[in-house]
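Have the sequence and the model side by side as you read.

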Amino acid sequence: MPLLLNFFGMTIVVLTELSLGDVTFLFGHHLVEAGEPQLVVKLLTGKSSGGELLVHRSDGMLLQRRVFRGWSTMPPPLPPFAVLDHLFLVMRAVVMAKDDATVALIGSSCSPSAGVATALAGRSWRPVSGQLLVVDRATGHTLPFQVPLDLRGSALESARTGGLIGPESAPGSWRRAQPTLAGESVLVRPELLGPIVPVTARLAPPTLVRLCQGDGDRCRLEPWAFQPHVWPPNTSDLADAPRYRLLMPEFGGAEEAAALIDDMIQETPCPGGPRTAREHLAGLTTSPST
């Protein structure tokens, strides 16, 4: 059965042989019942070389054919960012928003980004994306990409201790991911953290915060020039984005880190560019690649 999803004002038909439960768990907030499709994405399995991803325009023109290697590749397969590089910039990050501010927490899969995001949620910050920063290249706005948050290590233990995940959690709100060298991983739907940013919103350009391990037992947040890894590469879309380094102890520190970010955002004036304080409805401004 085809699925209809809307990402950033663009309606996409998804035809897949994969589990519909997997697709709806990952992208359920983007499911819609009606809309004029602009792209058709086919996810096929059963081939000796692995799965296959096909992207067509609504008129049937093939835009892309590639091997499907899972949901975590860069650029991600859904929405098909590889054919939308003129519209969107993407970067791996956990993204949170509060009032007029949007923060992208940047770190490796083993970093405490998820734990800091959970602590920010306790300070009235709302999830924008559990995995990916998406920026509208035409306007600079941050766009919600509401997919699950990946909890590992201390963040996972805190979620269990606090009852965020477990037998009493809402059915379908979390699931175990495939074990990796980094240890146990659990994906949780963003609404488990609290109220989320609507997928139709356009938010302020992001402040970038890179998480690093410090050499002390306290957290420290400081301005720090660094070059984020973005897709498409070698773009200057985030040239004016404020940048910080968040130094954290080897263990713990999520609550202290969240307090520092909360204080920093309240003290920092809005950066230059199209800073739109409140949420505006998202809509596609140009067409998919031809």
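## A pair of strands

Let's begin with two partners: E11 and strand E13, residues 185-188, pair in the antiparallel sense over 4 bridges. To find your place in this pairing, look for Arg 152, which stands opposite Ser 185 in E13. Keep in mind that this is a predicted model.

## The sheet around them

The pair belongs to an open sheet of 3 strands, ordered E11-E13-E12, with antiparallel pairing. Strand E11 (149-152) and strand E12 (174-176) are at the edges with a single partner strand each, so one side of each has no neighbour in the sheet. On average, neighbouring strands of this sheet are turned by 25° against each other, ignoring direction.

As a reminder, strands of a sheet pair through backbone hydrogen bonds, and the arrangement can be parallel or antiparallel.

## A helix across the strands

Next, look for helix H3, which covers residues 153-161. Helix H3 lies across E11, E12 and E13, and runs at about 95° to E11.

## The whole chain

How many of its residues count as buried? Of the 290 residues, 51% do.

Among the contacts in the protein chain with a separation of 6 or more, 69% come from residues 24 or more positions apart. The accessible surface of the chain is about 13600 Å², and carbon and sulfur atoms account for 52% of that surface.

Definitions and conventions
Residues numbered from 1 in each chain as written. Predicted model: local features only at pLDDT ≥ 70, side-chain atom pairs only at ≥ 80, totals over all residues. Heavy atoms only, no water. Buried < 20%, exposed > 50% of the residue type's maximum accessible area, 1.4 Å probe, protein only. Contact = heavy atoms within 4.5 Å. Areas by Shrake-Rupley, 256 points an atom, 1.4 Å probe, with all protein chains shown as cover. Pairing = 2+ DSSP bridges. Helix = DSSP H or I, 4+ residues; strand = E, 2+ residues; numbered from the N terminus. Axes fitted to C-alpha atoms, helices over the stretch in contact; angles between N-to-C directions.
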